[in-house]
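These are my notebook entries on one structure, written for a reader who is new to it. I looked up one topic at a time and wrote down what I found.

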Amino acid sequence: MSSTIKVNNIQNLAGDNSGIDLSTNDQIILKTNATSALTIDSNQAVAMAGGATVAGTLGVTGVLTSNGGAVFNEGGADVDFRVESNGQANMLFVDGGNDTVSFQPNSGNLAIKAGRVDSTNNVRLEAGGTTSTYLEYRGYLGHQFYVDTSEAMRIDSSGNVLVGTTSAG
């Protein structure tokens, strides 16, 4: 023996029009104060009004779309953020502990890093995916060229081109 109870709406007794609305075809709508807070449609798509807080891990297997802004690591914790591409595990890498941003750092070709690797607010182009041969720009020092971790040439803040030395004179 089976029993079926059919309802269109389930409301609380406080009279504030909060409850579950089942009157729309193929939808479940949770309402607060007569306003749709959460809707689940026949495709199992979920629409939420307001915000959502996830205490654990949120997995998204489809496309994540934002019609507003996005903030990651609002609390400023020492955590990293990365974006993978088809062939790169760290195509875009934000190092939370060192305050740097890298593009394609594991490619073996060219890495672009920006941030405060050594508290100088520099921008660095690394050749060959290594840290030993690079071009670095430091706003207050000018351009510096390194080969095998040794400075080979510099254009200082006065525009002087210095080869094999770090100061004009």
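Which residues lie nearest the centre of the largest pocket? I looked this up first, and found that Leu58, Val60, Leu64, Thr65 and Phe72 lie nearest the centre, among the 14 residues that line the pocket.

**Entry on the source.** I note that this is a predicted model, in which local features need pLDDT of at least 70 and side-chain atom pairs count only at pLDDT 80 or more, while totals for chains, interfaces and linings use all residues. Residues are numbered from 1 along each chain as its sequence is written, and side-chain values use heavy atoms, with hydrogens and water left out.

**Entry on the pocket.** A pocket is here an open set of points on a 1 Å grid over the protein atoms alone, where a 1.4 Å probe fits and protein lies on both sides within 12 Å along at least five of seven lines; lining residues have an atom within 4 Å of a point. For the largest pocket I read a volume of about 590 Å³, taken as the space filled by probe spheres set on the points, which are joined across faces, edges and corners. I then sorted the lining by residue type and found 9 nonpolar, 5 polar and no charged residues (Ala, Val, Leu, Ile, Met, Phe, Trp, Tyr, Cys and Pro count as nonpolar, Asp, Glu, Lys and Arg as charged, and the others, Gly among them, as polar).

**Entry on the chain.** I counted secondary structure next, and the chain comes to 0 helices and 14 strands (DSSP runs numbered from the N terminus, helices being H or I with at least four residues and strands E with at least two). Of the 169 residues of the chain, 17% count as buried (under 20% relative accessible area, with exposed over 50% and partly exposed in between, for a 1.4 Å probe and protein chains only). I also looked at contacts in the chain with a separation of 6 or more, and residues 24 or more positions apart account for 0% of them (contact means heavy atoms within 4.5 Å).

**Entry on Ser18.** I found Ser18 in the loop between strand S1 (9-11) and strand S2 (19-21), and Ser18 counts as buried because its relative accessibility is 13%. Leaving out residues up to four places away in sequence, Ser18 touches Ile10, Gln11, Asn12, Lys31, Thr32 and Asn33. A polar atom of the Ser18 side chain lies 2.8 Å from the backbone nitrogen of Asn33.

**Entry on the salt bridges.** How many salt bridges does a search of the whole structure find? I noted 3, a salt bridge being a side-chain nitrogen of Lys or Arg within 4 Å of a carboxyl oxygen of Asp or Glu.

In one of them Lys31 pairs with Asp21, with the closest N and O atoms 3.3 Å apart. This pair links distant parts of the chain, with Lys31 in strand S3 (residues 28-32) and Asp21 in strand S2, 10 residues apart. Lys31 is partly exposed at 26% relative accessibility, whereas Asp21 is buried at 8%.

I then turned to Glu84 and Arg82, whose side chains meet in a salt bridge at 2.6 Å, N to O. Glu84 is exposed, with a relative accessible area of 52%, and Arg82 is partly exposed at 43%.

Glu151 and Arg154 form another salt bridge, with the closest N and O atoms 2.7 Å apart. Glu151 is partly exposed at 23%, while Arg154 counts as buried at 11%.

**Entry on positive phi.** Ala34 is not a glycine, yet I read a positive phi of about 70° for it. Ala34 sits in the loop between S3 and strand S4 (35-40) and is partly exposed at 45% relative accessibility.

Asn73 is likewise not a glycine and has a positive phi of about 60°. I found Asn73 in the loop between strand S5 (46-48) and strand S6 (81-83), partly exposed with a relative accessible area of 34%. A polar atom of the Asn73 side chain lies 2.8 Å from the backbone oxygen of Ala77.

Note on methods
A polar contact is a pair of N or O atoms within 3.5 Å; within protein, one must be able to donate a hydrogen and the other to accept it, and residues adjacent in sequence count only if both atoms are side-chain atoms.
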